[in-house]
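Here is a short briefing on one protein model. It covers a pocket, a helix pair and a sheet.

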Amino acid sequence: MTTPTERIAVAFGALLLRGNRTHLYDRLTAGVNGVDSTTYPVLSGLARTGPTTASRLADLVGLDRTVTTRYAGRLEKAGLVARAADADDRRATRLSLTDEGRRAVAASRAGLEAILAEALETSSPEEVEVFARMLERLRDALLPG
């Protein structure tokens with residue numbers, strides 16, 4: 001018999017698998033113009049950091065800088081991301097979300113909330129509240145800083 005901690009580790013590991021993340025990103029970006037499962041991490045990461053360089057964003061989302069730059073270019077062509085000179089480093093470019101990019105992020109986050117609500121619909125409100133608190137504690141314990 002496995003322990004609860006082992007079961008959590010297995011479930012957590014499954015959620016982190018690239019194929020499963022891609023499937024989730026596909027669901028989150030369905031109907032969101034200009035975003036797909038490959039560009040979603042860049043768009044979402046930029047929403048979390050605010051304006052930043054491609055190098056810093058690449059570190060945050062776990063992609064190579066050249067890949068991040070390429071995906072940011074696709075998002076820029078879609079009108080979701082803007083580029084500007086970096087005041088701190090003349091060689092660098094700062095990426096930021098456009099108004100349309102912020103709307104795309106809001107749409108994908110609403111999609112995530114709908115997916116979670118569906119997944120938790122058989123749970124009581126109290127169970128969902130306990131799960132939310134436990135997940136926040138887990139996040140705080142695992143993330144740096």
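A pocket here is an open set of grid points where a 1.4 Å probe fits, with protein on both sides within 12 Å along at least five of seven lines. The model is predicted. Its largest pocket has a volume of about 2400 Å³.

**Largest pocket**

- The lining of the largest pocket counts 46 residues. Those closest to the centre are F12, L15, L16, L24 and L135.
- By class, 28 lining residues are nonpolar, 8 are polar and 10 are charged.
- Six helices each supply at least two lining residues: helix 1 (4-16), helix 2 (18-29), helix 3 (40-49), helix 4 (54-61), helix 6 (99-119) and helix 7 (125-142).
- Which helix gives the most to the lining? Helix 7 does, with 11 residues.

**Helix 4 against helix 5**

- Helix 5 spans residues 65-77. Its axis and that of helix 4 come within 8 Å and cross at roughly 105 degrees.
- Helix 4 is therefore roughly perpendicular to helix 5, because angles of 65 to 115 degrees fall in that class.
- On the helix 4 side, the contact uses A54, S55, L57, A58 and V61. On the helix 5 side, R65, T68 and T69 meet them.
- The contact between helix 4 and helix 5 divides into 4 nonpolar residues, 3 polar and 1 charged.

**The sheet**

- Strands of a sheet pair through backbone hydrogen bonds, either parallel or antiparallel.
- In this model, an open sheet holds 3 strands in the order 1-3-2, and the pairing is antiparallel.
- Which strands form the edges? Strand 1 (52-53) and strand 2 (81-85) do, and each pairs on one side only.
- Strand 3 covers residues 93-97. Strand 1 pairs with strand 3 over 2 bridges, in the antiparallel sense.
- T52 is opposite L95, and T53 is opposite R94.

**Helix over sheet**

- Helix 3 lies across strand 1, strand 2 and strand 3. Against strand 3, helix 3 runs at about 95 degrees.
- Helix 3 also supplies at least two residues of the largest pocket's lining.

How values were computed: Residues are numbered from 1 along each chain as its sequence is written. This is a predicted model: local features need pLDDT of at least 70, side-chain atom pairs count only at pLDDT 80 or more; totals for chains, interfaces and linings use all residues. Side-chain values use heavy atoms; hydrogens and water are left out. On a 1 Å grid over the protein atoms alone, a cavity is a set of points where a 1.4 Å probe fits but cannot get out, and a pocket is an open set with protein on both sides within 12 Å along at least five of seven lines; lining residues have an atom within 4 Å of a point. Grid points are joined across faces, edges and corners, and a volume is the space filled by probe spheres set on the points. Helices (H or I, at least four residues) and strands (E, at least two) are DSSP runs, numbered from the N terminus. Ala, Val, Leu, Ile, Met, Phe, Trp, Tyr, Cys and Pro count as nonpolar, Asp, Glu, Lys and Arg as charged, and the others, Gly among them, as polar. Axes are lines fitted to C-alpha atoms, for helices over the stretch in contact, and angles run from 0 to 180 degrees between N-to-C directions. Angles under 35 degrees count as roughly parallel, over 145 as roughly antiparallel, 65 to 115 as roughly perpendicular and the rest as oblique. Contact means heavy atoms within 4.5 Å. Two strands pair if DSSP finds at least two bridges between them.
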